[in-house]
Amino acid sequence: MPKPKIALKKTRGGQFMFNLHAANGQVILTSERYKTKASATKGIKSVKANSKKRGSYDRRKSTNGQPYFVLLAANREPIGRSELYASASSMSRGIASVTKNAGKAKIEDLT
């Protein structure tokens with residue numbers, strides 16, 4: 001049975017980023033870009049630590065009105081962002097999925 005994972009990869013520009021995948025393989029959170037692999041690894045630890053904290057989710061709307069959320073670190077800096085959702089209830093399910101999956105996700109290093 002598939003399990004949640006965090007896929008760490010290098011971007012074309014030489015930076016690092018990661019995606020949190022739910023057990024069904026769907027990307028549920030995309031990280032910010034990091035200059036070093038060590039910084040990206042710290043970002044992964046921050047996602048795992050902050051995903052369970054209710055106040056870590058900043059609910060927002062895109063310019064066209066679609067809801068999405070940003071996961072914030074303890075210092076209120078963005079760690080990752082969700083996809084755009086069709087409704088606020090879909091966004092709430094996305095937050096619940098990150099809360100459920102991030103802590104137990106295995107890291108897959110694709111660098």
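Buried here means under 20% relative accessible area, exposed over 50%, and partly exposed in between, with a 1.4 Å probe and protein chains only. By that scale aspartate 109 is partly exposed, at 43%. This is a predicted model, in which local features need pLDDT of at least 70 and side-chain atom pairs count only at pLDDT 80 or more, while totals for chains, interfaces and linings use all residues. Residues are numbered from 1 along each chain as its sequence is written, and side-chain values use heavy atoms, with hydrogens and water left out.

**Salt bridges**

- The structure holds 3 salt bridges, each defined by a side-chain nitrogen of Lys or Arg within 4 Å of a carboxyl oxygen of Asp or Glu.
- Glutamate 108 pairs with lysine 5, with 2.9 Å between the closest N and O atoms. Glutamate 108 is in strand E7 (residues 106-109) and lysine 5 in strand E1, so the bridge ties together parts 103 residues apart in sequence. Helices (H or I, at least four residues) and strands (E, at least two) are DSSP runs, numbered from the N terminus.
- Glutamate 108 is partly exposed at 31%, as is lysine 5 at 28%.
- Aspartate 109 bridges to lysine 37, the closest N and O atoms being 2.6 Å apart. This pair links strand E7 with helix H1 across 72 residues. Lysine 37 is partly exposed, with 33% relative accessibility.
- Aspartate 58 and arginine 60 form a salt bridge with a closest N and O distance of 2.8 Å. Aspartate 58 has a relative accessible area of 26% and arginine 60 has 32%.

- Leucine 29 is in contact (heavy atoms within 4.5 Å) with Phe18, Val47, Phe69 and Val98, among others, leaving out residues up to four places away in sequence.

**Loop residues**

- Serine 62 sits in the loop between strand E4 (57-61) and E5 and is buried, at 16%. Beyond residues up to four places away in sequence, serine 62 touches Tyr68 and Leu84.
- Glutamate 77 is in the loop between E5 and strand E6 (78-81) and is partly exposed, at 48%.
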